[in-house]
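Okay, thanks for coming, everyone. Let me put today's model up on the screen and we'll walk through it together.

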Amino acid sequence: METVSVTEARASFADLLEASARRPILIERRGEPAAVLISAAEFERLQEALDELDDVAAFDAAMAEEGENLPWEQAKIDLGWV
């Protein structure tokens with residue numbers, strides 16, 4: 001991952017935007033990580049992956065719940081699908 005300072009990022013922002021289509025750019029302020037510049041496509045891919053992980057976690061939590069199970073046919077009726 002390429003690393004640039006905030007000063008360098010200001011001076012070459014257009015070039016960094018173009019480069020972010022190929023790789024993430026780490027922007028540092030006073031030698032510490034401050035931000036990462038990524039393409040919109042990469043951001044969307046990461047968002048979708050996070051959403052998928054949330055769905056998996058919700059499913060796992062639901063499966064771990066104890067209590068009476070509801071038959072699928074009854075669930076469809078309750079939801080008005082039948």
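So, burial to begin with: of the 82 residues of the protein, 15% count as buried, where buried means under 20% relative accessible area with a 1.4 Å probe and protein chains only. Quick housekeeping: this is a predicted model, so local features need pLDDT of at least 70, side-chain atom pairs count only at pLDDT 80 or more, and totals for chains, interfaces and linings use all residues. Residues are numbered from 1 along each chain as its sequence is written, and side-chain values use heavy atoms, with hydrogens and water left out.

On to the fold. There are 4 helices and 3 strands, which are DSSP runs numbered from the N terminus: H or I over at least four residues for helices, E over at least two for strands. Reading from the N terminus, you get β-α-α-β-β-α-α. The radius of gyration, taken over C-alpha atoms, is 23 Å, well over the 12 Å from the globule rule (2.2 Å times the number of residues to the power 0.38), so the protein is more spread out than a compact globule. The C-alpha trace spans about 65 × 25 × 15 Å along its principal axes.

How about contacts, meaning heavy atoms within 4.5 Å? Taking those between residues at least 6 apart in sequence, 10% join residues at least 24 apart.

Now the sheet. It's open, with 3 strands in the order β1-β2-β3 and mixed pairing; two strands pair if DSSP finds at least two bridges between them. β1 (2–5) and β3 (32–37) are the edge strands, each pairing on one side only. From one strand to the next, the twist averages 35 degrees, using lines fitted to C-alpha atoms and angles from 0 to 180 degrees between N-to-C directions. β2, residues 25–29, runs antiparallel to β3 over 5 bridges, and I27 has A35 in β3 as its bridge partner.

I27 also turns up in the largest nonpolar core, which has 8 residues: V4, V6, A9, L16, A19, I25, I27 and L37. A nonpolar core here is a set of buried Ala, Val, Leu, Ile, Met, Phe, Trp, Tyr and Cys residues joined through side-chain atoms within 4.5 Å. α1 (6–11), α2 (13–19) and β2 each supply at least two of its residues.

Last stop, S39, in the loop between β3 and α3 (40–64). Is S39 buried or exposed? Buried, at a relative accessible area of 16%. Leaving aside neighbours within four places in sequence, S39 is in contact with S20 and A21.

Methods. Buried means under 20% relative accessible area, exposed over 50%, partly exposed in between (1.4 Å probe, protein chains only). Contact means heavy atoms within 4.5 Å.
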